[in-house]
Amino acid sequence: MKHKIELLAPGGDVDAIKAAIIAGADAVYCGLDTFNARNRASNISFAELVGVIRLAHQYQCEIFLTLNIVILEREFTTLAKLLSKLVNTTLDGVIVQDIGMFNLIKKHFPSLDIHASTQLTTHNAGQIGFLKKLGASRVNLSRELNLREITELTAVSREHEILTEVFVHGSLCVAFSGLCYSTSASVGNSGNRGRCSQACREEYETTATGHNFPLNIKDNSAFFDLPALIEAGVTSFKIEGRIKGASYVHTVVDSFRKQIDGFIKTGQLLEDGERLYKVFNRDFSNAFLRGDLNQSMFIDNPRDNSKNHAIDNISSTTDNNLISVVQIQEVKHTLYQEKNEINDAVKDKIQYLSIDKVPLTLRFSGEAGSPLSLTVSTENNTEALSPLQTPALSMPEAAVNNFVLQSTSLLTKSEHNGIDQLTLDKRFRSLGNAEYVLKTIDLQHLSAGLSVPFSELTSLKNEAARLLNNDKALIPAVTLPALDRHAKGAEGQTDTQAKLSILISDEADTYLTEATTADVYFKLPDAYKRDCTRYITFLTANPRLIPWFPAVLIGKDYDVAINILEQVAPPLIVTNNTGIAYRSNQLGIKWIAGPFLNTTNSYALMAMKEEFDCSGAFISNELNQQQMKNIARPANFKLFYSIYHPILLMTSRQCFFQQSVGCEKPRIDNGCMLSCDKSTTITNLKGVSFAIDKQKAGYPSIYNQDQFLNMQVINDLADLFDGFLIDLTKIGAGDNLSPDKLALISQFEQLLAGDSKVEVTLNAMVTESTMSQYHTGL
């Protein structure tokens, strides 16, 4: 092993953070009560964060702050104020999803270390380069990747001098992280804003295969795969669980700590992992990591599986695997006692850990003709503890830290402007902040009736603040400059009417290029046969088509997509994958950010324009009118919006048919992606149905029953958008009859030309539609 292994633990509240620290975590990630993707976690205040950082650093443990949501335009002023406070702490890193936040931090807060969130769905080599250029120092790789893919991406990361994280334990989303819109579309609770309602854990009407929780997937655990991940070059082993309590966090972190340390010391895995079943779990699977996607990954129980595991263990030791009711009750009682013992033990261990503010005392002294002296005293636990020490047994003594400062001017007699308690309280009270509580300002040794220039008091305060701030000058708060707002259309252009564009995916639909002047995008598949050249030939023969790249391109599929890009060399593309964007920029190919990059703010547009010469972007369909209207367009940049499309709820690498209608294959093989084109529906207990769709060479996906149809935006935001998209791919339409494509194009062209009468016709053609996201927003 040639690199340090970091054990990265979750901290949903202060007690969980303390539990992670004393269990031996090398780092803890936690969130404030704003700007983070776990609103259901308790989270912590800023003052608690400062105390947590101080406590963690005593244990040589780092603290990373989650700022891992998409950011709205109106929030950047508040965000800048928060970041201005964070740069004056000793925080070790921030975890970021939003491309605009990367831009903001890189420009204005360069001392903050940026980690790319799992919400960015990082799964190919181009994305590593993209994130590095944005300013990331490490990336969290997609949970769907297998060991071979992780090894390849880790090697690429080393070339870019960027670290990699992999989730090794905890809840799994059945959908690709960052590409799940299920609760956003249905109830307005976006997972991209930390408000996921966990539709994948819901109960549904019993499926044909007899399942009531057909989307519920087991928890992830790589407890016995640690050697392979170390060999793959992974730097950080990340545990999920910011909505879990202190006893869960301590048990899991302590188990992994012992497993890692034992392996490093002996080359053997010494722990059996049974303690992991004593706390909340949905049973465990490492199938993603092993690249063996099978039915055993699902479990028809979204709740705690620990009782079932304990009962199964007893059953396996009895004749015929039979266990009596009495034995079951005994097992449950024993498990209940064990859980209580875990809770009590953890409470006992963390009760002595304090994140209270450090007491601060200021003592002023001096007499006429001498400098004004300020003695600053703090009481703090300064002795660093071993990560495995128990605080209840080994707490350091409180140490008093003193330093003395003196004014450059001498004190003089003054009858009217003498230094008094009120003056010093007013001048020095700001030293009482999130880190320190100002206990006393002592003037006992300062003669009365003395004066010194107020500028001297300010200098003393600033120097004290610097020394109290780890000997670093306080960085002044950043006020964001006003954004340049450019009108749509090229300079001198008079016709700025928004243009129609259409999306197709069937080669038979290329005839539409002859029937309209609209831009025609051709959606390329998610998957290809190795060394596939079919689409190179097709796109070369149809230069009118603008290639549209999907959101997920893993392994060989990314390689083939890059080959298409390089060989066709189109003048313009649309991409929903930042890896393709990165390579397009290198090749000098103009690109537009697709709707699944979920762009929500001006700073994201600025980042893509400045760093990667992006030509335009689709604005997120998760936004409402108010959230979109103040977005500022960069110069020579086009903005687009999709007004008619199927509503994607989630995309998965796992199969949705095994649990719904069944499949003769016990596991997904290489042919499934290319050949399977099944479709079905599942219905929740409220009677709402959702279409499960699997296109050939596409990932299994779930769609809303209604299509998205938003004609109102054309009038509402006419000055914002250069173009409006209609999706004619039929993907995700389920059993809905598709309207005639030529008729749809004609109606939408008339609508953009100002003929509002066609709205009635379009509503009749698209029988099941909604625009709820446009009204609800993020």
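**Ground rules.** The model is predicted, so I take local features only at pLDDT of at least 70 and side-chain atom pairs only at pLDDT 80 or more, while totals for chains, interfaces and linings use all residues. Residues are numbered from 1 along each chain as its sequence is written, and side-chain values use heavy atoms, with hydrogens and water left out.

**Entry 1, second largest pocket.** I looked up the second largest pocket and got about 980 Å³. Its lining has 35 residues, and those closest to the centre are Glu 435, Tyr 436, Leu 468, Asn 469 and Asn 470. Two or more lining residues come from each of α2 (46-58), α3 (76-86), β12 (371-380), β13 (399-410) and α14 (454-468). The top contributor is α2, with six residues. By class I get 14 nonpolar, 16 polar and five charged residues in this lining.

On a 1 Å grid over the protein atoms alone, a pocket is an open set of points with protein on both sides within 12 Å along at least five of seven lines; a cavity is a set where a 1.4 Å probe fits but cannot get out; lining residues have an atom within 4 Å of a point. Points are joined across faces, edges and corners, and the volume is the space filled by probe spheres set on them. Nonpolar is Ala, Val, Leu, Ile, Met, Phe, Trp, Tyr, Cys and Pro; charged is Asp, Glu, Lys and Arg; the others, Gly among them, are polar. Helices (H or I, at least four residues) and strands (E, at least two) are DSSP runs, numbered from the N terminus.

I count four cavities of 30 Å³ or more. The largest cavity has a volume of about 280 Å³. It is lined by 23 residues, with Gln 119, Leu 120, Phe 596, Leu 597 and Asn 598 nearest its centre. That lining splits into 10 nonpolar, 12 polar and one charged.

The second largest cavity comes to about 220 Å³. Among its 19 lining residues, Tyr 644, Gln 707, Leu 737, Ser 738 and Pro 739 lie nearest the centre. The elements giving two or more residues here are β23 (638-651) and α22 (741-752).

Buried means under 20% relative accessible area (1.4 Å probe, protein chains only). The buried set includes Phe 130, Leu 131 and Leu 134. At the N-terminal end, Asn 124 is the cap, with a side-chain oxygen 3.2 Å from the backbone nitrogen of Gly 126. After α5 comes Gly 135, with a positive phi near 120°.

Pairing here needs at least two DSSP bridges between two strands. With β6 (residues 136-140), β7 pairs in the parallel sense over three bridges, and Arg 138 has Leu 163 as its partner. With β9 (residues 236-239), β7 runs parallel over four bridges, and His 169 is partnered by Ile 239. With β8, two bridges join an antiparallel pair, where His 169 stands opposite Ser 221.

I found His 211 in the loop between α7 (182-187) and β8 (219-221). Skipping residues up to four places away in sequence, His 211 touches Glu 205, Thr 206, Asp 300 and Gln 659 (contact is heavy atoms within 4.5 Å). A polar atom of the His 211 side chain lies 3.5 Å from the backbone oxygen of Gln 659.

Note on methods: A polar contact is a pair of N or O atoms within 3.5 Å; within protein, one must be able to donate a hydrogen and the other to accept it, and residues adjacent in sequence count only if both atoms are side-chain atoms. Buried means under 20% relative accessible area, exposed over 50%, partly exposed in between (1.4 Å probe, protein chains only).
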